[in-house]
Amino acid sequence: MPSARSRVLYVSDLAYPAKGRRYGDEDVFLTSRLREDFDVAVCHPLDAAALMTGFDAAVVRNSGPVLHYQAQYDAFRRRALADGVRVYNQLSGKGDMAGKQYLLDLTAAGFPVIPTVDRAGDLHRLPDVDTYVVKPKLGADSIGLEFVSRDGLAELSYDDRLVQPRIDFRYEVSFYFVDRTFQYALYAPRPDRRWDLEPYEATGRDREFAQRFVDWNDIAYGIQRVDACRAPDGELLLVELEDLNPYLSLDVLAPAARDAFVARVKTSLRGLIGQETVRGAAEAV
């Protein structure tokens, strides 16, 4: 008899050498749990466009920086939208999925984000500090990131690059959401060890901070990670809104918290699969 279970194509680069993270281990765990409720096949990101139409949903997880295969990723997006393929996360995200433009948009809108500009004429909007961070608008995983002195900004080319003040933050903290619902938080007590994470007890104010960015984004079904830093004045500032393929650091969680997260992802994925598809939908970005 044919299976009544939904078919899921799980997209991951299991062998990608991520610094401080074990993509393969996390995805082996997640696929093992998803198989409890779905029929799951795993493929490399470069194979996703050719395979995804045979499945009820394509789940993009630890697929590595798309800068390494930008043309193929763009083709995957175009085909998924044209064919009405359900993609998890949904392709309507306004965060890192669409580049770093959101940092400029959120700065202009007055959100609590590290101040960001992309033109020499706007440098006066940044605080006067000794060092600035320069990053490409399509950057990921610190690729292309530079540190520049204030004097060095005068010689900088701003083509597709952003400038931010270098913040002497106390620690980084990440808030993890499924759809628009908060799941857990982790933090790196030492700023020089980004991926040495520990459980973090988020306050109500912390959660309100992170919720603003998830609510601003246009993803109804998917996993989002809100990365923030604790500034010297004690306030949180957004560092990154990761809505494409956020690493989840599930190995840091207690078993009960990990189980609760997996159960929520399963419910979310069922919800996405139950949605009607729209073929030929226009891209949101």
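The points below take up strands, a surface patch and charged pairs in turn.

1. Basis of the note. This is a predicted model, in which local features need pLDDT of at least 70 and side-chain atom pairs count only at pLDDT 80 or more, while totals for chains, interfaces and linings use all residues. Residues are numbered from 1 along each chain as its sequence is written, and side-chain values use heavy atoms, with hydrogens and water left out.

2. The parallel pair. Strand β1 (residues 7-11) runs parallel to β2 and is joined to it by five bridges. Between β1 and β2 the chain passes through helix α1 (residues 23-34), in a β-α-β crossover that is right-handed. That term applies if, with the strands pointing away from the viewer, the path from the first strand over the helix to the second runs clockwise. Helices (H or I, at least four residues) and strands (E, at least two) are DSSP runs, numbered from the N terminus. Two strands count as paired if DSSP finds at least two bridges between them.

3. V42 and the surface patch. V42 belongs to strand β2 (residues 39-43), where V42 is the bridge partner of Y10. V42 also forms a nonpolar surface patch with L14 and V28, and together they have about 240 Å² of accessible area. Areas come from the Shrake-Rupley method with a 1.4 Å probe, and for residues only the protein chains shown count as cover. Patch members have over 30% relative accessible area and no salt bridge; like charges are joined within 9 Å, nonpolar side chains (Val, Leu, Ile, Met, Phe, Trp, Tyr) within 5 Å. V42 itself is partly exposed, at a relative accessible area of 38%. Buried means under 20% relative accessible area, exposed over 50%, and partly exposed in between (1.4 Å probe, protein chains only).

4. The antiparallel sheet. An open sheet of three strands has the order β6-β5-β7, with antiparallel pairing. Because β6 (146-149) and β7 (161-165) stand at the edges with a single partner strand each, one side of each has no neighbour in the sheet. Strand β5 (residues 131-136) pairs with β7 over five bridges, and V134 has V163 in β7 as its bridge partner.

5. The structure holds 25 salt bridges, each defined as a side-chain nitrogen of Lys or Arg within 4 Å of a carboxyl oxygen of Asp or Glu. In one of them D118 pairs with K137, and the closest N and O atoms are 2.8 Å apart. D118 lies in the loop between α4 (101-108) and β5, and K137 in the loop between β5 and β6, so the pair ties together parts that are 19 residues apart in sequence. K137 counts as buried, at 18% relative accessibility.

6. Two further pairs. Which residue meets R194 in a salt bridge? The partner is E172, at 3.5 Å from N to O. This pair links E172 in strand β8 (residues 172-178) to R194 in the loop between β9 (181-188) and β10 (198-199), 22 residues apart. Both count as buried: E172 has 13% relative accessibility and R194 has 17%. E235 and R205 also meet in a salt bridge (3.1 Å, N to O). Here E235 lies in the loop between β11 (223-230) and β12 (236-242), and R205 in helix α5 (residues 204-216), 30 residues apart. E235 is partly exposed at 35%, whereas R205 is exposed at 57%.
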